[in-house]
Amino acid sequence: MVIPEYYYWGYNMKRLGVVDVVSRRGVALVKPFTLGRNILSIVNASIYDENFRRIGKVVDIIGNTMDPRIVVKIEKPDMVVTDGSIVYYYQEITRKRRSSR
């Protein structure tokens, strides 16, 4: 059985991009695959590696609008994240609450 690319463990995970640079301070820069209007909505989303282990969270989006970089704060300092690896993101769906009358 082949599992679709963005449906793992019952979550709606999507490909984010390729790790561009990893710093010693526990921050990784990711070059996204697609440029969309919803790129700002992935701030605070959880980031997973190719083996679907949680790496960290999206902290910020920097750079030019035509060539942005996504700043990911790596949670564990002993986590090995290599340049060129593909990362995925999962963002919890927040539903709007209805106001009571």
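Predicted model: local features only at pLDDT ≥ 70, side-chain atom pairs only at ≥ 80, totals over all residues.
Residues are numbered from 1 along each chain as its sequence is written, and side-chain values use heavy atoms, with hydrogens and water left out.

**Overall fold**
- The chain has six strands and zero helices, giving the pattern β-β-β-β-β-β along the sequence.
- Of its 101 residues, 34% count as buried (under 20% relative accessible area, with a 1.4 Å probe and protein chains only).
- Among contacts (heavy atoms within 4.5 Å) between residues at least 6 apart in sequence, 55% join residues at least 24 apart.

**Strand pairing**
- Strands β4 (residues 54–63) and β3 run antiparallel and are joined by three bridges; two strands pair if DSSP finds at least two bridges between them.
- The β3 and β4 hairpin has five residues between the strands, and F52 there takes a positive phi near 60°.
- Strand β5 (residues 68–74) runs antiparallel to β4, with seven bridges between them.
- I61 stands opposite I70 in β5.

**Residue S46**
- S46 lies in strand β3 (residues 46–48) and stands opposite K57 in β4.
- S46 counts as buried because its relative accessibility is 10%.
- Beyond neighbours within four places in sequence, S46 contacts R54, G56, K57, Y88, Y89 and Y90.

Key:
Helix = DSSP H or I, 4+ residues; strand = E, 2+ residues; numbered from the N terminus. Buried < 20%, exposed > 50% of the residue type's maximum accessible area, 1.4 Å probe, protein only.
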